[in-house]
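The exercises below concern a single protein chain. Please work through each task with the sequence and the model in view before reading its solution.

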Amino acid sequence: MACKAFATLRNGAKMPLLGYGTWQAPPGQLEGPLEEALRAGYRHIDTAAAYGNEDVIGKLIQENWIATGKLKREDLFICTKLPPWGNRSGGPAKWLKSSLEKLRMDYVDMYLVHMPYTTKAFENDSPIGPDGKMSAEEDTDHITVWKEMEKLVDAGLAKSIGLSNFNKRQIQNILDVCRIKPANLQVELHMYMQQRPLVEYCHEKGIAVTAYSPIGSPGSDVVFRDRFGVNITMPDLLRNPVVVEVAKKYNKTPGQILLKHIVDRGIVAIPKSLSKERLTQNINIFDFKLEAGDVKKLDALDNGKDGRIFDMKFIPGITNEHPKYPFNEYP
């Protein structure tokens, strides 16, 4: 069942409301699930230079789907992102060209500035320093970066451009001076952090919103512990009693209810799963409608800023005092 619900972007392009997220999908484990996702009808694929899996995605799509005639490039909506260590003059063109080479594509449908802050680049453009960690630069010139993002649209390398993890004030600073307005904002958004003020602001400005970690990112605690040595307490949205109750009423899974609640707000959701069963379930959410009383129950689960899972402070130098730390305000 292909996703038949879309967000319409500034350029008239249709962005599927349900996409396949690939964060925390290691290259060696991604091929089979991505193949199954495409078979299940996913046409929106979300990745990033920082995920380290663009080459796997590009190879599978090109060899298994485009070269065989199963799909045309225009059937797909591909989003990737400028890495934080590319948030400097010359970075957008350099890193998008690298991404396109790995993806085996001439353009992406959406190119996002992944973070509002910049991390240092070391030998061979590695973001990892001699101490084995990433670290933040003192500041970032958003306007310079955005003007170079605009040139990527002019060159036909990106159909649309946008932002990720930016707050309202940072978005407005770009809107005040830009020639091409951001088409999309990707942020953490789920039942416990519904981002209502920020979503309202973006929709008023014509910016589509994408929810990452839409079911709460189960398993991320292990990833952050092993990769960054950081302990994160993960909320279990899938076992929330209200979500479970609503799921039983509609004969759906809790994950389907969490996703349905998001897309019915006109927000794009990009859940990741390596399970064929779950990724098929995730896209099968367009055959029922939540009743108003159930929507109200789910709305009431919002914890506002206290529901945030990822504050990005695992990177040395990223604190509340950093000039581009995005989460000081909750608009």
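**Exercise 1.** Which residues of helix α6 (residues 196-204) are buried?

*Solution.* The model is predicted: local features need pLDDT of at least 70, side-chain atom pairs count only at pLDDT 80 or more, and totals for chains, interfaces and linings use all residues. Residues are numbered from 1 along each chain as its sequence is written, and side-chain values use heavy atoms, with hydrogens and water left out.

Step 1. Helices (H or I, at least four residues) and strands (E, at least two) are DSSP runs, numbered from the N terminus. Buried means under 20% relative accessible area, exposed over 50%, and partly exposed in between, with a 1.4 Å probe and protein chains only.

Step 2. Apply them. In α6, the buried residues are Leu198, Val199, Tyr201 and Cys202. They lie on the same side of α6, because they cover an arc of only 160° around the axis; the arc is that of the directions from the helix axis to the C-beta atoms.

Step 3. Find the partners. The buried residues of α6 pack against α5, β8 (184-188) and β9 (208-212), where contact means heavy atoms within 4.5 Å. Just after α6, Gly206 takes a positive phi of about 80°.

**Exercise 2.** Identify the buried residues of helix α10 (residues 276-283) and state how they are arranged around its axis.

*Solution.* Step 1. Leu279, Asn282 and Ile283 are the buried residues of α10. Seen down the axis, they fall within an arc of 90°, so they line one face of α10.

Step 1. Recall the geometry. An α-helix has 3.6 residues a turn, so residues three or four places apart point the same way.

Step 2. The buried residues of α10 pack against β3 (20-21), α1 and α9.

**Exercise 3.** Describe the surroundings of Ala121.

*Solution.* Step 1. Ala121 is in the loop between β6 (108-113) and α4 (142-154). With a relative accessible area of 35%, Ala121 is partly exposed.

Step 1. Apart from its neighbours within four places in sequence, Ala121 is in contact with Trp85, Arg88 and Ser126.

**Exercise 4.** How compact is the chain for its length?

*Solution.* Step 1. The chain has 11 helices and 10 strands. Its radius of gyration is 19 Å, close to the 20 Å that the globule rule gives for 331 residues, so the chain is as compact as a globular protein of that length. The radius is taken over C-alpha atoms, and the rule is 2.2 Å times the number of residues to the power 0.38.

Step 1. The C-alpha trace spans about 55 × 50 × 40 Å along its principal axes. Of the 331 residues, 55% count as buried.
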